[in-house]
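Take a look at the protein below.

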Amino acid sequence: MSDSAAPSPRSDAVKPPATPWLTPYLCVIDAAASQAFYAHAFGFVARETVADDGVALHVEMTYQGELVVMFAPEGAFGSTARTPRSAKTEAPHLFYLYVDDVDACHARAIEAGARSLMPPSDQFWGDRFCQIEDLDGYRWGIARKAAPVGEA
């Protein structure tokens, strides 16, 4: 093995511009409903929607100007993937999202149909944090930097 690594290809040669190196791609029950939920609950903005006969098959959403999530409905493109809700299982992962106001975001998510798993509270690691489960059963941690518990 050589001490010098091979040069990396230019990012525009391997991925589209303004696309991060890693983006979650979720299976959802209803892409239009998920798009509306993420917009209302988190303030995500649709960047691109690909539809067939008026039905969304692929959606890309941004947050704070960055692509953060892509999704397609169950069965799109021949996929057999199921949402945690459809599979009747707990999502094995958590998406951690920083926001300006944890309490307001939690309230909007609940209003939009999410289930609260943990109400907003200050945590020992220094974040104000809560957890919700979205329409498809995915878990989201919503956070904002705060003083660690016990510190002023």
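Ala18 counts as exposed, at 62% relative accessibility; exposed means over 50% relative accessible area, buried means under 20%, and partly exposed is in between (1.4 Å probe, protein chains only). Ala18 has a positive phi of about 60°, although Ala18 is not a glycine. Ala18 lies in the loop between helix H1 (11-14) and strand E1 (25-28). Helices (H or I, at least four residues) and strands (E, at least two) are DSSP runs, numbered from the N terminus.

This is a predicted model, where local features need pLDDT of at least 70 and side-chain atom pairs count only at pLDDT 80 or more, while totals for chains, interfaces and linings use all residues. Residues are numbered from 1 along each chain as its sequence is written, and side-chain values use heavy atoms, with hydrogens and water left out.

**Another positive phi**

- Gln64 is a residue other than glycine, and its phi is positive, near 55°.
- Gln64 sits in the loop between E3 and strand E4 (66-73).
- Is Gln64 buried or exposed? Gln64 counts as exposed, at 58% relative accessibility.

**The protein as a whole**

- The secondary structure comes to 4 helices and 8 strands.
- From the N terminus on, the order of elements is α-β-α-β-β-β-α-β-α-β-β-β.
- Of the 152 residues in the protein, 37% are buried.
- Take the contacts between residues at least 6 apart in sequence: 54% of them join residues at least 24 apart. Contact means heavy atoms within 4.5 Å.

- Glu60 is found in strand E3 (residues 55-63).
- Glu60 is buried, with a relative accessible area of 9%.
- Which side chain makes a polar contact with the side chain of Glu60? The partner is His58, at 3.0 Å. A polar contact is a pair of N or O atoms within 3.5 Å; within protein, one must be able to donate a hydrogen and the other to accept it, and residues adjacent in sequence count only if both atoms are side-chain atoms.
- Leaving aside neighbours within four places in sequence, Glu60 is in contact with Val45, Ala46, Arg47, Glu48, Leu67, Val69 and Met70.
- Glu133 lies in strand E7 (residues 127-133).
- Glu133 is buried too. Its relative accessible area is 10%.
- The side chain of Glu133 makes a polar contact with the side chain of Arg85, at 2.8 Å.
- Not counting residues up to four places away in sequence, Glu133 touches Arg85, Ala114, Arg115, Leu117, Tyr138 and Arg139.

- Ala72 is in strand E4. Its relative accessibility is 6%, so Ala72 counts as buried.
- Ala72 and Ser34 are 38 residues apart in sequence. In space, they are 9.5 Å apart, C-alpha to C-alpha.
- Beyond four places in sequence, residues touched by Ala72 include Tyr25, Leu57 and Phe77.
- Phe77 is in the loop between E4 and helix H3 (84-87). Phe77 is exposed, with a relative accessible area of 63%.
- With neighbours within four places set aside, Phe77 is in contact with Tyr25, Leu57, His58 and Ala72.
- Phe77 and His58 are 19 residues apart along the chain, and their C-alpha atoms are separated by 9.6 Å.

**Gln131**

- Gln131 is in strand E7.
- Gln131 is buried, with a relative accessible area of 17%.
- How far apart are the C-alpha atoms of Gln131 and His106? The separation is 8.0 Å, for residues 25 apart along the chain.
- Residues up to four places away in sequence aside, Gln131 touches several residues, among them Leu94, Met118 and Trp140.

**Helices H2 and H4**

- Two packed helices are described by the angle between their axes and the distance between the axes.
- The axes of helix H2 (residues 31-42) and helix H4 (residues 102-111) come within 7 Å and cross at roughly 150°. Axes are lines fitted to C-alpha atoms, for helices over the stretch in contact, and angles run from 0 to 180 degrees between N-to-C directions.
- That angle makes H2 roughly antiparallel to H4. Angles under 35 degrees count as roughly parallel, over 145 as roughly antiparallel, 65 to 115 as roughly perpendicular and the rest as oblique.
- H2 brings Phe37, His40, Ala41 and Phe42 to the contact, and H4 brings Cys105, Arg108, Ala109 and Glu111.
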